[in-house]
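Biologist: Thanks for sitting down with me. Could you walk me through this one, a question at a time?

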Amino acid sequence: MPPIPKNNNNNAPFSISTLFLFFAVISIFSLAFFFSSSTTTTTISHRSLTLQPLTSSAINVYVADLPKSLNYALLNRYWSFDADSRLGSEADGEIRSTNLGKTLEIPPYPENPIIKQYSAEYWIMGDLMTPPQLRSGSFAKRVLDAREADVVFVPFFATLSAELQLGTAKGVFRKKVGNEDYQRQREVIDFVKNTQAWNRSGGRDHVFVLTDPVAMWHVKDEIAPAVLLVVDFGGWYRLDSKSSNCSSSEMIQHTQVSVIKDVIVPYTHLLPTLHLSENQKRHNLLYFKGAKHRHRGGLVREKLWDLLINEPGVIMEEGFPNATGREQSIQGMRTSEFCLHPAGDTPTSCRLFDAIQSLCIPVIVSDNIELPFEGMVDYTEFSVFVAVGDALKPSWLVNHIQSFSKQQKDMFRQNMARAQPMFVYDNGHPGGIGPVPLDGAVNNIWKKVHQKLPIIKEAIIREKRKPPGVLVPRRCQCT
């Protein structure tokens, strides 16, 4: 691990009232809620999107002592290439021309949108690398002894490792021979499995960042007990016909991930934030920009495209937010009332978080979607959820979103503006090394991990009482 940079800057429950007053306040709010009403079938909440209170002000995190070659040195290698073969990026070209990416100890993360959307690993690591005197606002307290830790963070840039392999020798990605990404995965697993921390918990209190759906693809079985930070479960739910009925007692593929033990994290948004005070009149009804043809659950996208392409006020554009497409996406999202979010190859994408930052009301057509920070934020306060079956009825979707009044849409946008900071990773510091926003994505991720601690501890204790040689299979979690 690289040393913690030195920095000379510095920075830095409620009282119990009488029982009578407490119940009086509760009664007032209950009556207010009871008598509130809406003229439509859709309820728009006026509640603040404040986070739920927690019983602790921090989670103790130990950072596994992986070599720099498995995190920041991967960035140096990326910047040593003349170009990225997967998708050109003018921003990355400018950084390469300065040689900063090759020489800086903590290089910037790629601006290439295919990679940048998965950059959570970089910002989480940057927070943990920040000097202790600047970390008073971080929910994660870094400890230097694994025995004092609630969780062990494994600082492997798994997404960047996978993207390097896909960019240099995609043909061997699914193989082990000649696959440098696999060799790095193996190095990580061999290292952590030989630590006392792993042996004490069986890896259940270890945290891996796997935002790219193909990250650590070869060793998913081995890290299944750990806490996985993923953008969704779409890359994991691939059941064969024999084990898809939730009756098998053996471990099946989709029990490797679960909302019970894992944490859904936001994609990194690619478009700039539009603040509510900057919002202007929106002339279009519905906007979508992306690939028309996708696989698996994304097949619905092609059907929606054909239904919507000729509808008045609807804009459907092919493309991805690279240099040219980015400006088109900014314009399209900021001038449209609603932004379509259909499933793609996986149930979600960074498009949802671009819409939130653009104050474009998301219309989510993805029956199997999982969303970050649920329980801390209510997406129904600023998003429209539509069943795939309804969305595919001719004219149904357009008629539905046209039924929302101006007052409802304004309330959606006000709620969305309050939620925007929750999905922002960038802390504005070079290399991500610096204080994180109190209400930003990194802190909210650690708060969600903190909520898993009782489950983690229970699993570790249950494991201890098993007789030697007895294997208790991971049971199917059908919900």
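Modeller: Gladly! This is a predicted model, where local features need pLDDT of at least 70, side-chain atom pairs count only at pLDDT 80 or more, and totals for chains, interfaces and linings use all residues. Residues are numbered from 1 along each chain as its sequence is written, and side-chain values use heavy atoms, leaving out hydrogens and water.

Biologist: At what angle do helix H6 and helix H17 pack?

Modeller: Helices here are DSSP runs of H or I with at least four residues, and strands are E runs of at least two, numbered from the N terminus. Axes are lines fitted to C-alpha atoms, for helices over the stretch in contact, with angles from 0 to 180 degrees between N-to-C directions. For H6 (residues 120-129) and H17 (residues 441-451), the axes lie 10 Å apart and the angle is about 90°.

Biologist: Is Val263 buried or exposed?

Modeller: Val263 sits in strand S6 (residues 263-264). Leaving aside neighbours within four places in sequence, Val263 is in contact with residues including Leu228, Val230 and Val449. Buried means under 20% relative accessible area, exposed over 50% and partly exposed in between (1.4 Å probe, protein chains only). At a relative accessible area of 2%, Val263 is buried.

Biologist: How far apart are the C-alpha atoms of Val263 and Leu228?

Modeller: Along the chain, these two are 35 residues apart. Their C-alpha atoms are separated by 6.3 Å.

Note on methods:
Contact means heavy atoms within 4.5 Å.
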